[in-house]
Amino acid sequence: MGSKYLMLAALEIKPGGRLPRHRHGRSEVAVYIIKGEGGEIDIDEDRYPGTPDSCFFVPVGSEVEIRNVGTEALRILVSRAPPPEECA
């Protein structure tokens with residue numbers, strides 16, 4: 001059973017890995033860093049360091065890329081509203 005209005009996913013990015021630059025179209029996105037030093041998040045043209053307990057908001061239509069430039073796995077939570085249609 002899925003939500004009509006929200007998606008929540010836990011992801012792990014290995015050292016040297018990344019979620020390539022992409023857009024979520026009509027969704028707002030929140031990214032929360034659970035664990036791992038060395039995260040970097042690009043939102044449009046701005047770059048931010050991602051450390052444990054940091055949270056980022058990605059507005060509708062913005063591009064986002066998340067990289068792990070550290071030496072340990074980066075664990076993140078991603079919330080997206082509304083979810084992609086295949087999750088609803």
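1. Glutamate 65 sits in strand β7. Strands here are DSSP runs (E, at least two residues), and helices are H or I runs of at least four, numbered from the N terminus. The model is predicted: local features need pLDDT of at least 70, side-chain atom pairs count only at pLDDT 80 or more, and totals for chains, interfaces and linings use all residues. Residues are numbered from 1 along each chain as its sequence is written, and side-chain values use heavy atoms, with hydrogens and water left out.

2. Is glutamate 65 buried or exposed? Glutamate 65 counts as buried because its relative accessibility is 10%. The cut-offs are under 20% relative accessible area for buried and over 50% for exposed, with partly exposed in between (1.4 Å probe, protein chains only).

3. The side chain of glutamate 65 has a polar contact of 2.9 Å with the side chain of arginine 18. Such a contact is a pair of N or O atoms within 3.5 Å; within protein, one must be able to donate a hydrogen and the other to accept it, and residues adjacent in sequence count only if both atoms are side-chain atoms. Leaving aside residues up to four places away in sequence, glutamate 65 also touches others, including Leu19, Pro20, Arg21 and Ile41. Contact means heavy atoms within 4.5 Å.

4. Isoleucine 41 touches Glu65 in turn, and its partners include Val31, Phe56, Val64 and Ile66. Ile41 and Val31 are among the residues with the most contacts inside the largest nonpolar core, which has 13 residues. A core of this kind is a set of buried Ala, Val, Leu, Ile, Met, Phe, Trp, Tyr and Cys residues joined through side-chain atoms within 4.5 Å. β3, β4 (39–43), β6, β7 (63–68) and β8 each give two or more residues to this core.

5. Four strands form an open sheet in the order β1-β8-β3-β6, with antiparallel pairing. Pairing requires at least two DSSP bridges between two strands. β1 (7–13) and β6 (55–58) are at the edges with a single partner strand each, so one side of each lacks a neighbour in the sheet. Neighbouring strands are turned by 20° against each other on average, direction ignored.

6. Which residues stand opposite valine 31? In β8 the residue is valine 78; in β6 the bridge partner is phenylalanine 56. Seven bridges link β3 (residues 28–35) and β8 (residues 74–81), and four join β3 to β6.

Note on methods
Axes are lines fitted to C-alpha atoms, for helices over the stretch in contact, and angles run from 0 to 180 degrees between N-to-C directions.
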